[in-house]
Amino acid sequence: MVAAVNFARTHNLRLVVKGGGHSYQGGSDAPDSLLLWTRHMNEASVRDGFVAQGCAAAPPQAAVTLGAGAMWIDAYDAVTTRGGRYVQGGGCTTVAVAGLVQSGGFGNFSKNYGTAAAGLLEAEVVTADGAVRIANACSNPELFWALKGGGGGSLGVVTRLTLRTRALPETMGALFGTLKAGTDEAYRALIAKLISFYQSALFNPHWGEQIAFNSDNVVNISLVFQGLSEEQATLLWAPFVEWVRARPEYTFESPLKCLAMPARHFWDAAFFAQHAPGLMLADARPGAPAHHAQWKGDLDEAGWFIHAYRSAWLPAALLGEDRQARLADAVFRCTRHWRVAFHFNKGLAGAPPEAIAAARDPAMHPQALDAFALAIIAGGGKPAYPGMPGGGADLARARERAAGIAKAMEALLTVAPGAGSYVSESDYFQADWQTAFWGANYPRLAAAKRQYDPHGLFFVRHGVGSADWSEDGFSPQAPAIPAQGRAGRGRTPG
């Protein structure tokens with residue numbers, strides 16, 4: 001990595017860093033660039049008593065050290081399936097460790113364990129000058145802070161990370177179901193009931209993932225839980241199920257199903273193949289490690305042609321009894337244009353105080369701390385890359401759908417004006433992206449960028465410091481930081 005960074009700097013090349021390739025913004029890919037793909041840096045090593053370099057006075061901690069290209073399934077296999085502990089990581093098993101941590105990092109159980117960034121103990125980073133730096137609370141602390149939520153690929157090439165591990169709960173599980181309302185009025189009442197039920201029964205560290213409100217008056221429930229037995233989770237939902245069944249205007253298109261398992265097997269492909277076939281799909285390619293698998297529901301994102309993608313932090317104050325009716329009205333109006341999903345695990349309100357306290361330090365948007373959910377309104381179509389069979393992209397339809405998504409978010413934001421957006425799941429055309437992604441943290445992030453990459457070697461569109469460059473990253477923008485060291489990139493892309 002040092003040789004590649006030095007080569008790019010010497011020859012004024014645009015440099016792109018790729019881990020898992022999950023960037024909805026295209027930040028891990030770009031034309032006319034030198035691509036550094038970290039996928040083969042995928043080692044995982046469990047540590048019983050880790051002490052960060054230069055922090056000799058700190059108590060040893062249980063941890064795991066991961067190569068930047070390791071996917072979360074590699075981390076979960078080492079830490080949970082084989083090690084019997086927990087590491088806060090991503091929900092999608094094929095996401096790379098480094099990219100998720102650098103963006104903040106939410107997973108299935110963030111409502112209890114906080115963000116992946118808050119669990120970062122140390123990182124090894126190749127910075128723009130070609131130096132290999134150790135970043136932790138004692139060495140390069142400002143770089144360490146910026147890596148925890150400042151966005152991937154803007155500050156250097158992360159090559160290795162060490163993350164805190166935790167005790168594993170006894171059980172983890174999931175609850176699924178689909179519910180339809182017979183009329184618009186009944187749907188509005190159902191939305192209000194679900195908001196009330198969430199606030200009273202689910203707004204706590206046990207529950208994560210999402211409930212989606214669709215435009216056809218259908219609700220999809222797709223939740224996970226930890227620390228509860230299957231019986232406890234089922235009993236918790238019994239009052240809501242009784243409320244639905246007592247009203248003929250509602251129908252369970254698919255009944256609520258609850259599944260709990262020993263937490264050690266939550267990411268265990270062999271366990272799922274035996275006990276719940278079809279939920280987790282093993283990687284059947286020749287040479288793939290036996291533990292490599294992904295959730296069936298994630299397959300739809302492979303090669304997805306995104307028409308629009310919007311997100312917004314929803315403040316916990318909206319769950320107050322005096323505001324629930326307005327929230328329900330806004331959600332209903334939103335669904336007249338497009339589907340909206342409430343990702344409850346991507347807002348830290350309701351988490352334990354220690355998880356919220358730990359998440360205050362990372363550089364991600366402070367609104368995440370007081371959000372009960374991240375609302376995501378998005379849509380797309382089948383893969384439409386040049387040269388693929390199938391007729392290519394239907395751009396007229398894509399623009400029409402994007403307009404509907406914009407109207408849906410506008411309706412929702414009537415109850416959350418000024419809501420920020422999660423940098424990893426956000427609008428490609430986001431206006432005022434510095435404030436939307438990082439809020440009051442952006443000036444400090446920009447200062448860290450100037451300190452460790454003063455000439456803008458690392459560029460990610462709508463990443464820290466990217467306003468100093470044109471949209472494609474090749475031409476310095478005026479007034480910008482001095483162009484010393486940039487000559488050659490502006491007119492002759494690499």
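Predicted model: local features only at pLDDT ≥ 70, side-chain atom pairs only at ≥ 80, totals over all residues.

Me: Let's start with charges. How many salt bridges does the structure hold?

Reply: The general idea is that side chains of opposite charge can pair when their charged atoms come close. In this structure there are 12 salt bridges. One of them joins Asp184 and Arg336, whose closest N and O atoms are 3.4 Å apart.

Me: Where do Asp184 and Arg336 sit in the chain?

Reply: They come from distant parts of the chain, 152 residues apart. Asp184 belongs to helix H6 (residues 184-202), while Arg336 is in the loop between helix H9 (324-335) and strand E17 (340-343). Asp184 has 42% relative accessibility, so it counts as partly exposed. Arg336 is partly exposed too, at 34%.

Me: And Lys449 and Asp453: are they buried or exposed?

Reply: Residues under 20% relative accessible area count as buried. Lys449 has 6%, so it is buried. Asp453 is at 3%, and therefore buried as well. These two form a salt bridge, with their closest N and O atoms 2.8 Å apart.

Me: What does Arg461 pair with?

Reply: Arg461 forms a salt bridge with Glu471, and here the closest N and O atoms are 2.7 Å apart. The partners are 10 residues apart, both in the segment after helix H13 (442-452). Arg461 is buried at 15% relative accessibility, whereas Glu471 is exposed, with a relative accessible area of 53%.

Me: How should I read a nonpolar core, and which residues touch the most other members of the largest one?

Reply: In soluble globular proteins, nonpolar side chains tend to be buried together. Here the largest nonpolar core has 75 residues, and Trp72, Leu163 and Trp267 touch the most other members. Take Trp267 as an example: beyond its neighbours within four places in sequence, its contacts include Ile73, Tyr76, Phe109, Met172, Met280 and Trp295. Threonines are found on its contact list as well, among them Thr80, Thr81 and Thr93. There is also a second, separate core of 56 residues, which includes Leu202, Ala308, Trp338 and Val415.

Me: Next, the backbone. What is the phi of Asp32?

Reply: Most residues other than glycine have a negative phi, and most peptide bonds are trans. Asp32 is not a glycine, yet its phi is positive, about 55°. Asp32 lies in the loop between strand E1 (15-18) and strand E2 (34-37). At 46% relative accessible area, Asp32 is partly exposed. Asp432 also has a positive phi without being a glycine, about 50°. Look for Asp432 in the loop between helix H11 (395-412) and helix H12 (433-438).

Me: To finish, could we look at single residues? What does Leu412 touch?

Reply: Leu412 lies in helix H11 and is buried, with a relative accessible area of 0%. Not counting residues up to four places away in sequence, Leu412 touches Leu314, Ala330, Val331, Cys334, Val340, Ala375 and Ile377. Leu412 and Ala330 are 82 residues apart along the chain, and their C-alpha atoms are separated by 5.1 Å.

Me: And where is Asp129?

Reply: Asp129 is in the loop between strand E6 (120-126) and strand E7 (132-135). With 43% relative accessibility, Asp129 counts as partly exposed. Setting aside residues up to four places away in sequence, Asp129 touches Asn6 and Arg9. From Asp129 to Asn345 is 216 residues in sequence and 38 Å in space, C-alpha to C-alpha.

Notes
Residues numbered from 1 in each chain as written. Heavy atoms only, no water. Salt bridge = Lys/Arg side-chain N within 4 Å of Asp/Glu carboxyl O. Helix = DSSP H or I, 4+ residues; strand = E, 2+ residues; numbered from the N terminus. Buried < 20%, exposed > 50% of the residue type's maximum accessible area, 1.4 Å probe, protein only. Core = buried A, V, L, I, M, F, W, Y, C linked by side-chain atoms within 4.5 Å. Contact = heavy atoms within 4.5 Å.
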